[in-house]
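Welcome, and thanks for taking a look at this one with us.

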Amino acid sequence: MGVFTQRGSSPVPPFASVTDATFLGPVRTAPRYRFWSFRDEFPGLEAVDADGWSVPGELYAVSYVVLRDRLLPLEPPELELSVIELADGSGSLSMRVRANVLAGAVEIRHPDGWLGHLAARNGS
């Protein structure tokens, strides 16, 4: 099963506690998402009908057991597991912003995604 993630977006390094995740490569979402930063601690995708863009990320293969027992317990309460559309039309599991939790979030439009956003905010 594939899981879409933003490199560096987890409270721990991507899949640091997961020894059996396989990196499948860089991917982009379909251009139907807005991308948000929550306190510059983690990002979240929001599905939209207009003004979306193709968010860069990475795809990993993980088992359902790893997803359930190791990854989901680390996710912040503002996010929930969902299926998203990738640029090639395929689907992937990913964390998405829960409804009505965008207060205080800052939209990310950096072409390099989450890490580009953080670098720009830190003046790097």
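Does Asp-51 count as buried or exposed? At 53% relative accessibility, Asp-51 counts as exposed, since the cut-off for that class is over 50%. Please keep in mind throughout that this is a predicted model.

## Two loop residues with positive phi

Asp-51 sits in the loop that runs between strand 4 and strand 5. Its backbone is worth a look too: phi of Asp-51 is near 65°, a positive value in a residue other than glycine.

Arg-39 is another such case, with a positive phi near 55° although the residue is not glycine. You will find Arg-39 in the loop between strand 3 and strand 4.

## The nonpolar cores

The largest nonpolar core has 13 residues, and those touching the most other members are Phe-4, Phe-35, Leu-45, Val-55, Ile-84 and Leu-86. Strand 3 and helix 2 each supply at least two residues of this core. A second, separate core of seven residues includes Trp-36, Phe-38, Leu-79 and Met-95.

Leaving aside neighbours within four places in sequence, the contacts of Leu-45 include Phe-4, Phe-35, Val-55 and Ile-84. Leu-45 is also in contact with Tyr-33, Arg-34, Ser-94 and Met-95, among others.

Which residues does Ser-94 touch, not counting residues up to four places away in sequence? They are Phe-4, Leu-45, Glu-80, Leu-81, Ser-82 and Ile-84. Ser-94 belongs to strand 7, which spans residues 91–97. With a relative accessible area of 2%, Ser-94 is buried, because that class takes in values under 20%.

Helix 2 covers residues 113–121, and its buried residues are Gly-113, Trp-114, Gly-116, His-117 and Leu-118. These buried residues pack against four strands: strand 3 (33–38), strand 4 (42–47), strand 5 (56–61) and strand 8 (106–108).

## Salt bridges

How many salt bridges does a search of the whole structure find? The search finds nine. As background, side chains of opposite charge can pair when their charged atoms come close.

In one of these salt bridges, Arg-34 pairs with Glu-107, and the closest N and O atoms are 2.5 Å apart. The pair links distant parts of the chain, since Arg-34 is in strand 3 and Glu-107 is in strand 8, 73 residues apart. Arg-34 is partly exposed at 22% relative accessibility, and Glu-107 is partly exposed at 25%. Arg-34 and Glu-107 also belong to a network of salt bridges that links them with Asp-51 and Arg-109, which brings us back to the exposed Asp-51 of the opening.

Arg-39 returns here as well, in a salt bridge with Glu-78 whose closest N and O atoms are 3.2 Å apart. Arg-39 is in the loop between strand 3 and strand 4, while Glu-78 is in the loop between helix 1 (64–71) and strand 6 (79–85), so the pair ties together parts that are 39 residues apart in sequence. Glu-78 counts as buried, at 15% relative accessibility. Another salt bridge joins the side chains of Asp-69 and Arg-68, at 2.7 Å from N to O. Asp-69 is partly exposed, with a relative accessible area of 43%, whereas Arg-68 is exposed at 52%.

Note on methods. Residues numbered from 1 in each chain as written. Predicted model: local features only at pLDDT ≥ 70, side-chain atom pairs only at ≥ 80, totals over all residues. Heavy atoms only, no water. Buried < 20%, exposed > 50% of the residue type's maximum accessible area, 1.4 Å probe, protein only. Contact = heavy atoms within 4.5 Å. Core = buried A, V, L, I, M, F, W, Y, C linked by side-chain atoms within 4.5 Å. Salt bridge = Lys/Arg side-chain N within 4 Å of Asp/Glu carboxyl O.
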